[in-house]
Amino acid sequence: MENNILKEYIERNFFAQAEILSETEENMTILADKKIYKEIAEYIKNLGYTFLADITSTDNKDCFMVICQFFRYTKNENITLKIKIEDRVNPEIDSLAGLWATADWHEREVYDLMGINFKGHPNLKRILMWEGYKGHPLRKDFPAVTRKRSWELG
Amino acid sequence: MRTQTYKINLGPQHPSTHGVLHVVLEIDGETIVGSETNIGYLHRGIEKLAENKKYPQVIPYTDRLDYLAGMSNNLLYVQTVEKMLGTEVPERASYIRVIIAELMRIANHMVGIGIYIMDLGAVTGVFYPFIQREHILDLFSKLCGSRMTFNYMRIGGVAVDIDEDFIRGTEIFLDQLPKMLHEYHTLVDENEIFLSRTKNIGKISKSQAESFGLTGPNLRASGLGYDLRKVAPYEVYDRFDFNIPVAYNGDCFDRYIVRMQEVEESIKIIRQAMAQLPQGEIKAKLPRIIKPEAGDCYHQAENPKGILGCYLVSDGTPKPYRVHFRRPSFNNISIFDEVAIGHKIADFIAIMASFDFVLGEVDA
Amino acid sequence: MEFLDNIFLYGTSIIRSIITWIGFDPAITNMIMAAVYTVAILVICTLVALFYVLYERKLAGFIQYRPGPNKLGPFGLFQTVADAVKLLTKEDIVPRNADKALHFLAPLFVFIPPILALGAIPFGNKLVAVDLNIGMLYILAVTSLSTIPFFLAGWSSNNKYTMLGAMRAVSQKISYEIPVIFSVLAITMIAGSLNMSEVVGMQGKLWFVFVQPLSFLIFFIAGIAETNRAPFDLPEGESELTAGYLTEYSGMKWALFFLAEYCSMFVFSAMATTLFLGGWLGPVLPGWMWFVLKVHVLMTVIIWIRWTFPRIRVDKLLEFNWKILIPASILNIFATGIGVYLFNNFF
């Protein structure tokens with residue numbers, strides 16, 4: 001993928017805060033610090049990757065990862081942006097809801113199921129589970145099979 | 001005189017929310033001034049359940065996502081696992097997958113347009129397309145023994161080979177389908193009431209559609225011809241000659257007409273695929289226990305309702321560490337709150353129906 | 001032929017002579033005869049509802065490539081009866097905060113206008129319960145009462161959906177009343193009479209539908225709207241308002257609304273037949289049979305329309321009425337007036 005502009009931009013501005021994990025014909029994966037998350041996402045958007053396909057998260061036991069997928073509408077090119085969140089007690093990250101309207105629901109889903117707070121989100125509340133539900137089901141310490149009812153957990 | 005707005009609950013039990021969608025509408029007379037969409041009534045935790053299953057055991061769960069297009073969901077999931085494993089799928093299997101996926105697309109669009117007309121009040125409109133869908137489901141149930149939850153795709157290929165019966169049945173089906181489409185066009189397209197209910201209703205501009213991550217026919221009705229079958233061809237889609245129908249108004253009528261035209265393109269694809277269908281294996285050789293190397297992978301494909309994506313994380317064990325689905329309906333309906341404002345309640349029903357969403361997919 | 005034509009008249013005169021033979025005085029005899037007429041009209045209402053529910057389902061099935069009800073009895077003839085039994089045994093649910101008295105009364109009231117109207121409609125030559133000389137006015141007056149039960153039903157249920165349905169019902173029924181009256185007015189101008197039987201008698205040579213085609217069209221469209229049939233079934237609008245004013249009704253109360261819809265459809269078709277299609281007039285067959293046939297054709301057309309068209313939107317509905325139907329009917333009255341004037345003075 002010929003995206004030297006993005007590479008240069010990252011090297012120039014965020015030398016220590018972002019690294020390129022892998023690069024193939026179609027995909028470029030960037031691991032970035034959470035401080036520059038919004039900034040880099042905005043830059044990616046301005047580069048022409050205007051389709052935010054997905055925001056999701058994983059629980060890597062020692063940390064959380066937030067993973068965004070950006071696509072171009074014209075070419076089969078994709079940037080994967082990964083953000084590591086070290087703080088397990090109070091994980092927090094900027095919200096992209098100001099850049100893409102679709103980020104609203106994606107982030108609410110992540111918040112609901114993984115328990116990551118999005119700073120600056122206009123309407124951060126549970127989306128799939130109900131209000132008042134305890135716990136975040138997709139975390140690895142949340143049991144998938146248990147004798148208890150799911151609402152008795154947490 | 002003092003007037004005030006009031007709130008009504010559209011759903012979770014309501015005849016035209018297609019399941020259990022809940023929309024709180026704030027209305028002034030019959031005009032909507034505020035709207036809040038609540039989802040989650042059908043949340044089954046498929047992503048969490050998948051973490052405790054082996055890779056092939058996740059396939060049946062994907063049937064339950066968009067239960068009107070089970071085959072396409074199967075396909076996307078096995079493709080993602082294949083991408084992680086780096087497996088090459090035999091050519092015949094690829095062709096079969098395309099044929100099946102396109103038949104599924106026709107079946108899905110038949111439900112989509114049928115229910116759309118029904119929600120506008122013309123109950124008869126639902127029966128003509130459903131008869132066509134029934135033909136497809138008959139073919140599928142002969143092929144894999146199931147009508148809705150197929151579990152047909154396998155990692156590295158497909159479960160069973162298609163036989164002469166299936167091919168002949170598909171040909172007969174494709175021969176009579178254009179007649180029905182024509183009949184439907186004449187019944188619906190020029191109906192004055194239908195036009196007044198759909199033209200310029202629920203308009204979505206191109207930039208709105210981009211921002212809300214709309215995909216599938218809903219995006220293409222807003223003037224953006226983004227279809228993964230053309231932009232990032234998977235399986236053998238690059239070998240066929242077909243068009244991507246695009247409409248430019250972004251209203252309810254365009255969303256309907258794009259679906260109708262897509263069915264015609266699907267017929268073209270299936271005909272070509274059947275003509276080119278090669279002989280050979282239908283399944284790649286794979287180890288008994290599927291253990292992808294540690295790592296992650298995102299893959300997406302053009303489902304009937306939009307782009308279904310799957311993000312898969314492996315830690316080297318036979319069970320996936322994390323499975324996430326990017327469900328098209330989930331993104332598509334997030335625009336409701338914005339589009340609804342200023343329309344009448346009846347228009348909102350028309351908008352909802354024109355989006356052709358499935359709650360199984362929205363709530364995962 | 002003569003005998004068949006007058007079979008119902010013979011029937012009533014036999015009953016009358018029996019009563020006189022028993023020895024009641026004339027006033028009481030008249031009262032008993034009135035009761036007999038009422039029972040006859042109630043029977044007609046019930047039969048019409050029972051038959052047309054089944055007929056509509058069969059016809060809808062035919063339109064939609066499916067058999068329709070066919071399990072109970074030959075051709076599914078007993079389907080409606082079975083449904084009625086089921087509905088009678090269903091639990092009657094009344095919302096906690098509903099106005100219970102009105103909630104109970106609304107489904108009863110809904111039957112009154114069609115029954116009252118049927119009393120003045122001539123089913124055949126002299127075959128009319130009360131031959132009023134202001135029959136038309138009377139029928140228009142009683143059918144316009146039908147707004148009230150719908151509003152009562154919607155309001156007493158104390159539910160937002162029913163309230164919306166009730167508001168739609170009121171605005172729709174009241175505004176579509178006007179074109180109905182105007183189109184009937186054109187007929188009155190030609191006929192010079194408000195008596196239903198006389199209007200039929202004048203159509204011996206030429207049905208009024210050929211004299212007043214526009215008027216018939218307006219009457220027919222507005223009539224469909226008056227009876228809440230698709231594409232004007234907005235007060236129910238099942239895909240928008242769940243069931244509109246009917247949302248909180250279940251069991252037999254709901255069934256009464258349902259049956260009343262068919263009765264008012266029948267009344268409307270009967271009116272259209274009388275005013276425009278020559279009522280009972282026709283060759284060979286007995287008069288009442290001609291009347292039933294013509295009504296049946298109109299009913300079929302209404303059902304056919306219902307299963308073909310999508311529902312119109314509420315603001316478009318009123319727009320259509322105020323901007324198209326009413327101006328057209330007023331123009332029609334003007335044209336008719338000029339025509340009548342010219343006809344009377346120059347021919």
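## Interface between chains A and B

In this predicted model, chain A and chain B bury about 3200 Å² between them, with 57% of it on carbon and sulfur atoms. Buried area is the accessible area (1.4 Å probe) that two parts lose on being put together, summed over both. Tyr73(A), Trp105(A) and Leu128(A) supply 25% of the area that chain A buries against chain B.

Chain A brings 39 residues to the contact and chain B brings 37 residues. Contact means heavy atoms within 4.5 Å.

## Fold of chain B

Chain B has 15 helices and eight strands. These are DSSP runs: helices are H or I of at least four residues, strands E of at least two. Of the contacts between residues at least 6 apart in sequence, 72% join residues at least 24 apart.

The C-alpha atoms fill a box of roughly 75 × 45 × 35 Å along the principal axes. The radius of gyration of chain B, taken over C-alpha atoms, is 21 Å. That agrees with a compact globule of 364 residues, because such a globule would have a value near 21 Å. The globule rule is 2.2 Å times the number of residues to the power 0.38.

Of the 364 residues in chain B, 66% are buried, meaning under 20% relative accessible area (1.4 Å probe, protein chains only). Chain B exposes about 12300 Å² (Shrake-Rupley method, 1.4 Å probe). Carbon and sulfur atoms supply 51% of that area.

Chain B carries 39 positive and 46 negative side chains. Lys and Arg count as positive, Asp and Glu as negative; His and the chain ends are not counted. The centres of the two sets lie 5 Å apart, with charges placed at NZ of Lys, CZ of Arg, CG of Asp or CD of Glu.

## Basis

Residues are numbered from 1 along each chain as its sequence is written, and chains are lettered from A and ligands numbered from 1 in the order in which they are written. Local features need pLDDT of at least 70, side-chain atom pairs count only at pLDDT 80 or more, and totals for chains, interfaces and linings use all residues, while side-chain values use heavy atoms, with hydrogens and water left out.

How values were computed. Buried < 20%, exposed > 50% of the residue type's maximum accessible area, 1.4 Å probe, protein only.
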